[in-house]
Amino acid sequence: MLTIAIIGGGAAGFFAALSAKQHFPDARVCVYEKTSKFLGKVKISGGGRCNVTNATFNKRILSENYPRGEKFLRKAFEQFDTKDTVDWFESRDVALKTYPDQCIFPLSNDSQSIIDCFWYEARKLGVELFLSHGVDAIKRAKNGFQLHFKDSELDVDRVIVTVGGQPKSSGLQWLEDIGHQIVPPVPSLFTFNMPQDPIRELMGIVVEHATVRIEGQKLIGRGPLLVTHWGMSGPAILQLSAWGARILAEKQYLCSILVNWLDEEKEESLRAQIKQIVTAHGSKMMSNHNPFPMPNRLWMFLLAKNDIDPASRWHDLAGKSLNKLVNTLINDRYEVKGKTTFKEEFVTAGGVDLAEIQVNTMESTVCPGLFFAGEVMDIDGITGGFNFQAAWTTGYIAGKNVGNNLDKVTEK
């Protein structure tokens, strides 16, 4: 009997196991998870709601949401994309709901709906599940592999590695030992710490449309921006942290960022807008007339930041005060001094080099018979369900192909 081992019991691992059992029903499919629980990240993701995928159905546009792995996934999505994900869950009685930001969640708003679905499918198909089974090493053997656990060894025919992102390269040393190149992992998707900055006094306010960039870089994060008690968060910040993951790591998370509180408003059009405000509402106090799409608390904060008396009238705004306010609205500078992981959702940039993985099968080019799925590869997406979509796609493809070409000999 063909024996398939999946190393890692997270999102990619379960989906790979279900796909493998679906495509090779006579095989023995076993999932080995090193911790004491399966699907831990699925459970906590999206604040416990589980952002299953994103309603981006154009494969090219979908792939553009991955700072690492865009070209690789664009090809992979030809086999299994967001529509396939929606169909997969809905055909198994998991109702889904699409929100205005295009994020797709289970209608129940409870990640347990996804977990229950996986458990049911695993039991129905006969997937075997093993907790507290961490793999310390993997050795090539004739027509297969030998897995080394803490107190035992196991011979299997094929392996799918789905251990997720690792905080340090040492966590993937066992894959390096069998010949794989590891792109050094660094954190992705994190919030910015701004200790002692007065902006933190506005904790809880949200600007729905803002853009943020790292000073001296072209990278931009765009979307809602949330002020927190430690600094800044929200999709605009998380997006920037993902695209700038390696740059920020090199800077040791010490940098300056520039915030445009008015989305992508440019100086010329903003000055024209202010001129119209002065004409129409010049006699109004600036504190009483906030013409911009931002909370009044932030508006008052920006006035104070520029030493503008909130009781002054709009028609009094001129000279240096006008120039400073314009610059602050579209080019507000803040010092970042550290990071904080976003809601315990650990995501890394780095992992197994994609050049060593066949995109059509997820099989290793270095070690035939070994497959990969999920974030263990050098793939990561921005927030919005994209990381789970990559897990479903790569897990499905790996499972679909893991039982093919059984005449390959991996021993060296």
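In which handedness of crossing does helix H1 pass helix H6? H1 passes H6 in a left-handed crossing, a term used when the near helix is turned anticlockwise from the far one by less than a right angle.

This is a predicted model, in which local features need pLDDT of at least 70 and side-chain atom pairs count only at pLDDT 80 or more, while totals for chains, interfaces and linings use all residues. Residues are numbered from 1 along each chain as its sequence is written, and side-chain values use heavy atoms, with hydrogens and water left out.

Helices (H or I, at least four residues) and strands (E, at least two) are DSSP runs, numbered from the N terminus. The axes of H1 (residues 11–23) and H6 (residues 112–125) come within 10 Å and cross at roughly 30°, and H1 and H6 are therefore roughly parallel to each other (angles under 35 degrees). Where they are in contact (heavy atoms within 4.5 Å), Phe14, Phe15, Leu18 and Lys21 in H1 meet Phe118, Glu121, Ala122 and Leu125 in H6. The residues of this contact comprise six nonpolar, no polar and two charged.

Strand S10 (residues 158–161) is covered on both faces, with Arg158 and Ile160 on one side and Val159 and Val161 on the other all buried (under 20% relative accessible area, with a 1.4 Å probe and protein chains only). Its pairings, which require at least two DSSP bridges between two strands, are set out below.

| Strand paired with S10 | Sense | Bridges |
|---|---|---|
| S1 (residues 3–7) | parallel | four bridges |
| S22 (residues 370–372) | parallel | three bridges |

Within these pairings, Arg158 in S10 is the bridge partner of Ile4, whereas Leu370 in S22 is the bridge partner of Val159.

Terms used:
Axes fitted to C-alpha atoms, helices over the stretch in contact; angles between N-to-C directions. Parallel < 35°, antiparallel > 145°, perpendicular 65-115°, else oblique. Nonpolar A, V, L, I, M, F, W, Y, C, P; charged D, E, K, R; others polar. Buried < 20%, exposed > 50% of the residue type's maximum accessible area, 1.4 Å probe, protein only.
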